[in-house]
Amino acid sequence: MPSTFPSYVKLGWKDSGEAMKPIVARSEMERGVPKQRRTQADTIVTVPLTAFFATATDAANFETWVYTTINGGMDWFDFTSLRTGGTVSARIVGGDIGTLVPAQRTWARSQRSFKIEYVRAAL
């Protein structure tokens, strides 16, 4: 059973969005209109996130969750889509959780930006 994204991590909306990889291959022609063909049934959706940690303990717990529960970011986890509110099975892109940055002059509050991805049926 997959893990669930930690509820103590607050996510920012400012830089959020969704980018879908194309499912069409395009071939330029010597003359005329380029040809296009569908190459797959599903697309990978990439979502940039900024995670905010209210305490230093929350930041440390998130790192522990990534490196022990989801195998360094490699494993899939349940994530509530910021756009639809539905649950998707996601993973951290390349296991890269970004740089931890203090939100103030101390490490009491901090944040990090990273990307997650999930598969969406395109049919």
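Mentor: From the N terminus on, the elements run β-β-β-β-β-β-α-β-β-β-β, which comes to one helix and 10 strands. The model is a predicted one. Its C-alpha trace spans about 60 × 35 × 25 Å along the principal axes. The radius of gyration is 18 Å, while a compact globule of 123 residues would have a value near 14 Å. Buried residues make up 29% of the 123 residues. The protein exposes about 8000 Å², and carbon and sulfur atoms supply 53% of that area.

Now the core itself. The largest nonpolar core has 22 residues, and those touching the most other members are Phe5, Phe62, Phe77, Phe79, Ile92, Phe114 and Ile116. At least two residues of this core come from each of the following elements: strand S6 (42-53), helix H1 (56-69), strand S7 (77-80), strand S8 (87-92) and strand S10 (110-121). S6 gives the largest share, five residues.

Take Ile92 as one of the core members with the most such contacts. Leaving out residues up to four places away in sequence, Ile92 touches Val66, Ile70, Gly73, Phe77, Ile97, Phe114, Lys115 and Ile116. Three names in that list, Phe77, Phe114 and Ile116, are also among the core residues that touch the most other members.

Follow the contact from Ile92 to Val66. Val66 is found in helix H1, and it counts as buried because its relative accessibility is 0%, where the cut-off is under 20%. Val66 and Phe5 are 61 residues apart in sequence, yet their C-alpha atoms are 9.6 Å apart in space.

Ser3 is found in strand S1 (residues 3-4), and it counts as buried because its relative accessibility is 18%. The side chain of Ser3 makes a polar contact with the side chain of Trp65, at 2.9 Å. Beyond residues up to four places away in sequence, Ser3 touches Trp65, Thr69, Ile70, Trp76, Phe77 and Asp78.

Among contacts between residues at least 6 apart in sequence, 63% join residues at least 24 apart.

Definitions and conventions:
Residues numbered from 1 in each chain as written. Predicted model: local features only at pLDDT ≥ 70, side-chain atom pairs only at ≥ 80, totals over all residues. Heavy atoms only, no water. Core = buried A, V, L, I, M, F, W, Y, C linked by side-chain atoms within 4.5 Å. Buried < 20%, exposed > 50% of the residue type's maximum accessible area, 1.4 Å probe, protein only. Helix = DSSP H or I, 4+ residues; strand = E, 2+ residues; numbered from the N terminus. Contact = heavy atoms within 4.5 Å. Polar contact = N/O pair within 3.5 Å; in protein donor to acceptor, adjacent residues only side chain to side chain. Rg over C-alpha atoms; globule rule 2.2 N^0.38 Å. Areas by Shrake-Rupley, 256 points an atom, 1.4 Å probe, with all protein chains shown as cover.
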